[in-house]
Amino acid sequence: MSPPEHFVVEYAINPWMDTTTPVDTELAVKQWEGLRETLTRLGHTVHVLTPEIGLPDMVYAANGAFSVDGVVYGARFRYPQRMAEAAAHKRFYAELGWKYATPVETNEGEGDFTYLPSYLGGVVLAGHGFRTEAAAHSEAQEALGRPVISLRLVDPRFYHLDVALAPLDDSTIAYYPEAFSESTRAVLRQLFPDAVIADEEDALAFGLNLVSDGRNVVLNTEATAFAAKLRSAGYVPVPVELTELKKGGGSVKCCVAELRP
Ligand code: ARG
């Protein structure tokens, strides 16, 4: 995670960003601390990446890379405003001593890649359509040696996979079908008949932008209806308030790059 000390909305690269909306950076940091404390309380170890001046979106740490089994597939950001973030993440993994594959193809890390360790022995789900190029999916498969299932996003409000689909445990997902193309919806129905289905309201409340440990699901406070769905599916919703970071087009999951050693 990387604290939003320099967070502002001074450019707009997704439909949520409005450069005329004032951002309370201090409140953003406070809310981010709340998320970090929640994750720590749930037993997670949180590493902190030093935020850099001039990189206001660095708080969305999920976009910096994607790792599986201690191997890192690096990010290559779509927009010039965020490009320099990748190097900071690369340095972080170098310090951990993890193998790092430098990408040629445009991809935004865990924003568009997620992993289900117990599904068919471990599969990657990958989004494309707005940020990550489909070509990055095969590049990731070669880098990581895991099958990658390619999913096409079609609604610009849900421009990253992690705002449209989320792993709830090692083999179960939740998703908002309308964020995906007709054919991708058929693929998801075939592969995940038992998925928790989110509706538009759930997705707009950033309910799917969650972090789950398989039982506790940390998600945006505004996603109350989705939290109720999760509870009836047997999970324990843990709401966290992140109103300021929503102004940049992100919530819980965007702030967290999961390390898979
Ligand atoms: N403002 C950032 C962007 O548009 C938000 C990124 C959100 N991150 C995420 N993993 N969905 O790039």
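User: Which residues come nearest to the ligand, of the 16 around it?

Analyst: This is a predicted model. Asn-14, Arg-82, Arg-131, Asp-162 and Cys-254 come nearest, out of 16 residues around the ligand.

User: Which polar side-chain atoms lie by a nitrogen atom of the ligand, and at what distance?

Analyst: A polar contact is a pair of N or O atoms within 3.5 Å. Asp-162 places a polar side-chain atom 2.6 Å from a ligand nitrogen, and Asp-57 has one at 2.9 Å from a nitrogen atom of the ligand. On the oxygen side, an N or O atom in the side chain of Arg-82 is 2.6 Å from a ligand oxygen atom. The protein buries 100% of the 350 Å² that the ligand exposes when taken alone.

User: Is Lys-253 buried or exposed?

Analyst: A residue is called buried when its relative accessible area is under 20%. Lys-253 counts as buried because its relative accessibility is 7%. Lys-253 belongs to the segment after helix H7 (243-246).

User: What does Lys-253 touch, and with which side chain does it make a polar contact?

Analyst: Leaving out residues up to four places away in sequence, Lys-253 touches Ala-62, Glu-110, Asp-162, Asn-209, Leu-210, Val-211 and Glu-258. The polar contact is between the side chains of Lys-253 and Glu-110, at 2.6 Å. Asp-162, one of the residues touched by Lys-253, also has a polar side-chain atom 2.6 Å from a ligand nitrogen.

User: Where does Thr-132 lie, and which polar contacts does its side chain make?

Analyst: Thr-132 lies in the loop that runs between strand S5 (123-128) and helix H3 (134-144). Its side chain reaches the backbone nitrogen of Glu-108 at 3.0 Å and makes a polar contact of 2.7 Å with the side chain of Asp-112. With 2% relative accessibility, Thr-132 is therefore buried.

User: How far apart are Thr-132 and Ala-75 in sequence and in space?

Analyst: These two residues are 57 residues apart in sequence, and their C-alpha atoms are 9.3 Å apart in space.

User: Which residues is Asn-107 in contact with, and is Asn-107 buried or exposed?

Analyst: Beyond its neighbours within four places in sequence, Asn-107 is in contact with several residues, including Ala-75, Phe-113 and Thr-132. Asn-107 is buried, because its relative accessible area is 0%. Its position is the loop between strand S3 (99-101) and strand S4 (113-116).

Technical notes
Residues are numbered from 1 along each chain as its sequence is written. This is a predicted model: local features need pLDDT of at least 70, side-chain atom pairs count only at pLDDT 80 or more; totals for chains, interfaces and linings use all residues. Side-chain values use heavy atoms; hydrogens and water are left out. Helices (H or I, at least four residues) and strands (E, at least two) are DSSP runs, numbered from the N terminus. Buried means under 20% relative accessible area, exposed over 50%, partly exposed in between (1.4 Å probe, protein chains only). Contact means heavy atoms within 4.5 Å. A residue is near a molecule or strand if one of its heavy atoms lies within 4 Å of it. A polar contact is a pair of N or O atoms within 3.5 Å; within protein, one must be able to donate a hydrogen and the other to accept it, and residues adjacent in sequence count only if both atoms are side-chain atoms. Accessible areas come from the Shrake-Rupley method with a 1.4 Å probe; for residues, only the protein chains shown count as cover.
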